[in-house]
Amino acid sequence: MPHTILVIGAAGYIGSIATEILLQEGYNVIALDDLSKGHKEALFNSVHFYHTDFGNIAELKNIFSKNKIDVVLHFAGAALVAESMENPFKYFNINFCQAQNLLDVMILFNIKKIVFSSTCAVYGIPKPEEIPIKESTQTKPINPYGESKLLFEKALEWYKNSAELEYITLRYFNVAGASKNRGERHNPETHLIPLLIRAVKNKNYGLNVYGNDYPTKDGTTVRDYVHVVDLVYAHILAIKALLNNKKHQNIYNIGYGHGYSVLEIINSVQEVFKTKIPYKISNKRPGDPPVLIADSRKIKEDLNWEPKLNDINEMISSASKFIV
Ligand SMILES: NC(=O)c1ccc[n+]([C@@H]2O[C@H](COP(=O)([O-])OP(=O)(O)OC[C@H]3O[C@@H](n4cnc5c(N)ncnc54)[C@H](O)[C@@H]3O)[C@@H](O)[C@H]2O)c1
């Protein structure tokens with residue numbers, strides 16, 4: 001019997017690609033999304049879809065009573081740093097309070113395995129000597145987005161101690177690229193690669209580079225870009241570890257261990273599309289760390305994560321098909 005995975009946030013960027021790959025790998029998938037940010041077309045016809053908020057207790061009870069779910073993948077949430085500074089209430093409500101409803105109903109139905117999408121924003125601004133960032137690096141978020149994700153990480157640990165919840169938190173760095181059939185389409189878009197591709201396709205869009213005097217190789221911020229398909233395979237390894245009681249840590253960083261500056265990404269996009277992209281240097285954004293690079297050795301050692309798509313040009317060209 002194939003295992004059944006509930007994908008929360010299945011109409012979003014990473015959740016839809018996770019659904020696609022889970023189906024390829026022979027899992028049963030049940031999809032949940034409130035379509036607040038995701039796209040109906042990103043769902044799969046063969047997958048039963050629940051159009052609801054993941055914090056809706058009555059709906060969750062309905063879903064869990066009708067389906068035998070083995071593992072929950074929790075991709076959904078609010079994920080815009082700037083918005084979180086203006087409206088922290090929304091972030092604590094969705095990413096923490098609503099997510100706690102989910103945990104409570106899971107426990108009520110004896111569903112005790114969850115993989116949670118967290119973020120490198122939990123680390124705040126790491127010191128230069130803390131790069132590459134280990135899971136043990138101090139967490140010190142500097143915005144409500146990172147703080148709300150960290151709070152839920154901590155709740156997971158308490159539920160583990162008190163309710164025998166089994167969980168794996170994956171702290172993603174910068175996710176990029178696309179699968180064969182699904183890609184990135186955020187609204188509003190804040191991610192660098194899609195913004196650049198949009199600027200290539202539509203000459204009305206330019207690009208702001210926020211700050212060029214950071215202590216980095218060319219003065220612009222440096223990020224660790226991880227291919228979404230490699231990231232999804234990290235989830236599949238996490239699912240297997242939870243299902244097979246494989247020894248694991250509860251928190252893993254997901255990145256490649258090296259970074260690209262904003263100017264390097266601009267150059268790569270220009271190279272891939274053989275065109276110039278206009279950009280202007282703007283003021284630094286408050287709270288933008290100079291460098292975020294992951295140390296992901298732990299998931300490689302424990303779960304044998306073997307990323308295969310560490311190629312920035314591939315991330316750019318695969319993403320392009322889905323960006324208008
Ligand atoms: N994309 C990245 O680079 C990145 C980096 C670090 C962490 N993350 C985390 O990964 C997760 C997925 O990111 P993404 O880029 O796929 O985002 P996304 O916005 O494309 O997808 C999130 C999905 O969740 C749904 N959703 C939001 N609130 C909901 C609610 N209350 N109930 C039900 N559905 C709801 C949205 O409609 C959307 O389809 C997020 O939790 C984000 O914080 C993403």
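## Around Tyr 256

Leaving aside neighbours within four places in sequence, Tyr 256 is in contact with Asp 224, Val 226, Pro 307 and Asn 310. Contact means that the C-beta atoms of two residues, placed from the backbone, lie within 7 Å. The C-alpha atoms of Tyr 256 and Asp 230 are separated by 9.9 Å, and the two residues are 26 residues apart along the chain. Tyr 256 sits in the loop between β11 and β12. Is Tyr 256 buried or exposed? Tyr 256 is buried, because 21 other C-beta atoms lie within 10 Å. The cut-offs are 20 or more other C-beta atoms within 10 Å for buried, 12 or fewer for exposed, and partly exposed in between, with C-beta atoms placed from the backbone.

This is a predicted model: local features need pLDDT of at least 70, side-chain atom pairs count only at pLDDT 80 or more, and totals for chains, interfaces and linings use all residues. Residues are numbered from 1 along each chain as its sequence is written. Helices (H or I, at least four residues) and strands (E, at least two) are DSSP runs, numbered from the N terminus.

## Strand β11

Strand β11 covers residues 251–254. Ile 251 and Asn 253 point one way, Tyr 252 and Ile 254 the other way, and all are buried. In a regular strand the side chains alternate between the two faces of the sheet.

Strand β6 (residues 166–172) pairs with β11 in the parallel sense, over four bridges. Pairing requires that DSSP finds at least two bridges between the strands. Asn 253 in β11 is the bridge partner of Arg 171.

## Helix α8

Helix α8 runs over residues 262–273, 12 residues in total. At 1.5 Å a residue it should span 16 Å, and its end C-alpha atoms are 17 Å apart, which agrees. The expected span is 1.5 Å times one less than the number of residues.

Val 262, Ile 265, Ile 266 and Val 269 of α8 are buried. Seen down the axis of α8, the buried residues fall within an arc of 105 degrees, so they line one face of the helix. The arc is that of the directions from the helix axis to the C-beta atoms. An α-helix has 3.6 residues a turn, so residues three or four places apart point the same way. The cover over the buried residues of α8 includes α6 (192–201), β8 (207–210), β12 (260–261), β13 (279–282) and α10 (312–320). Lys 274 follows α8, with a positive phi near 50 degrees.

## Ligand shell

How many residues surround the ligand? The count is 27, and the closest are Gly 9, Gly 12, Gly 38, Ala 76 and Val 175. A residue is near a molecule if its C-beta atom, placed from the backbone, lies within 6 Å of it. Elements that give two or more residues to this shell are α1 (13–24), α4 (88–108), β5 (113–119) and β7 (174–176). α1 gives the most, with three residues.

The shell divides into 11 nonpolar, 12 polar and four charged residues. Ala, Val, Leu, Ile, Met, Phe, Trp, Tyr, Cys and Pro count as nonpolar; Asp, Glu, Lys and Arg as charged; the others, Gly among them, as polar.

## Backbone exceptions

Most residues other than glycine have a negative phi, and most peptide bonds are trans. A cis peptide bond joins Ile 131 and Pro 132, with omega about -5 degrees. Pro 132 lies in the loop between β5 and α5 (144–163). Another cis bond joins Asn 187 and Pro 188, with omega about 5 degrees.

Asn 110 is not a glycine, yet its phi is positive, about 60 degrees. Asn 110 is exposed, with 9 other C-beta atoms within 10 Å.
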